[in-house]
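Please have the sequence and the model open.

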Amino acid sequence: MGALSANSRPPRLRRAGIGLVAVALALAGCGGSSLDQSGGGESGGPVKIGLLVPLSGVYAPLGEDMRAGFQLYLDQHGGKLGGRQAEVVTADEGEGPQTGVPAAQKLVTQDQVAAVVGVVNSATALGLRDFFDESKRPLVVANAGANELAGARRSDYLWRTSFTNGDVGEALGPAVKDDVDGEVYLIAADYAAGKESTGGFRKSFEAAGGKIAGSEFTPFGKTQDFQPYLSAIRDSGADAVYAFYAGAEAVNFVKQYKEFGLADEVQLYGPGFLTEGGVLAAQGQAALGVQTSLHYSTELDSPRNKEFSAAYTAKVKKPPTVYSVQAYDSAAVLDKALAAAPGASGPELAKAIGGVGAIDSPRGSWSFGADHDPEQTYYLREVRSGGGGIVNGVVRELD
Ligand code: PHB
């Protein structure tokens with residue numbers, strides 16, 4: 001199908017323990033007003049930024065993409081953010097809050113970073129919300145899509161350059177209702193992101209008159225053999241499947257879906273993470289025909305994406321992903337905010353993040369909405385052979 005410009009129409013409006021923190025900060029010797037200057041140094045001096053991404057566990061490849069995206073932005077800007085030399089301190093988020101929360105706390109209390117960027121897993125982001133809110137240090141979430149962070153648990157100190165899990169699923173529901181004559185089965189990793197993603201899809205699919213054939217949640221990070229679940233899908237008589245998996249789980253699920261013979265019988269849909277980047281490369285031919293919704297594709301035909309994609313591929317030796325774009329954009333947000341803020345204290349920086357305006361992103365221009373999430377366009381993508389490899393071709397924009 002024809003290529004699309006990422007900017008061809010205005011973005012779809014999105015549907016839109018104080019005690020412990022005080023003790024941790026006091027132990028680290030950074031109580032009182034000195035806290036507000038942490039990581040910022042003197043005005044115009046170097047600035048320390050924490051990069052919290054998975055370097056281990058099922059989401060480690062996503063963390064690698066985010067590191068590469070963040071570093072590319074720095075390389076393209078002389079290693080500076082807001083005119084200050086950036087010192088990046090990287091920490092391992094691991095597979096969930098047990099590892100991610102202490103790693104973030106160390107970045108803030110010990111390393112004294114001015115802000116933290118990253119976080120892939122929704123459960124980790126939810127576990128970190130109060131710590132950042134109470135320590136008044138900005139967390140720029142560059143992936144984790146937990147719904148509540150853009151709703152009931154929004155904070156002045158939390159900003160997200162990625163998406164809300166429910167929105168990515170919700171964008172796809174009406175398109176699937178139009179294309180599928182029959183019922184859809186929902187399957188997902190059993191944690192916040194899987195529940196919210198399938199919940200968003202179910203909401204708009206049912207509102208359009210669609211029927212759900214059944215649903216299953218599989219143990220997160222532990223399921224390697226999907227065969228029993230694939231049998232249940234076949235037995236349900238579903239005509240299509242909506243699946244939330246990412247990283248190593250997405251590779252296994254899509255390959256086994258094909259090997260089991262379901263790919264030729266039951267159309268597979270999901271949020272774009274199901275077939276993104278290194279995951280797609282590992283799935284290979286098994287992923288052909290899978291359709292997904294996402295706010296990015298390497299195939300977006302805009303000058304900004306082509307320029308970004310060429311620079312990224314030349315440096316990293318593989319194509320960019322939505323994860324690298326989200327981290328790249330997070331660096332752009334901090335660059336603008338640090339340039340505008342009078343100092344790099346948490347409150348000054350958080351306020352400046354709220355005022356950064358439009359971000360000229362490879363995904364298309366976007367700005368923060370009132371919920372601190374991007375207002376952006378979602379695309380229907382289809383896995384195809386093209387350009388010497390297998391890619392997520394852009395079918396059309398989703399309403
Ligand atoms: C999440 O936990 O919110 C999450 C993780 C990986 C993805 C997307 C969302 O690819």
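Glutamine 112 is in the loop that runs between α3 (97-109) and β4 (115-118). Helices here are DSSP runs of H or I with at least four residues, strands are runs of E with at least two, and both are numbered from the N terminus. Phi of glutamine 112 is near 60°, a positive value in a residue other than glycine. Most residues other than glycine have a negative phi. Valine 119 also has a positive phi, about 75°, and is not a glycine; this valine 119 belongs to the loop between β4 and α4 (122-135).

A word on provenance. This is a predicted model, where local features need pLDDT of at least 70, side-chain atom pairs count only at pLDDT 80 or more, and totals for chains, interfaces and linings use all residues. Residues are numbered from 1 along each chain as its sequence is written, and side-chain values use heavy atoms, with hydrogens and water left out.

Now the ligand. Which residues are closest to the ligand? They are Ser122, Gly145, Tyr191, Phe273 and Tyr323, out of 16 that surround it; a residue counts if one of its heavy atoms lies within 4 Å.

The shell has 11 nonpolar residues, 5 polar and no charged. In that scheme Asp, Glu, Lys and Arg are charged, Ala, Val, Leu, Ile, Met, Phe, Trp, Tyr, Cys and Pro are nonpolar, and the others, Gly among them, are polar.

Polar contacts are pairs of N or O atoms within 3.5 Å. A polar side-chain atom of serine 122 is 2.6 Å from a ligand oxygen atom, and one of tyrosine 323 is 2.7 Å from a ligand oxygen atom. For valine 120, a backbone N or O atom lies 3.4 Å from an oxygen atom of the ligand.

Terms used: Polar contact = N/O pair within 3.5 Å; in protein donor to acceptor, adjacent residues only side chain to side chain.
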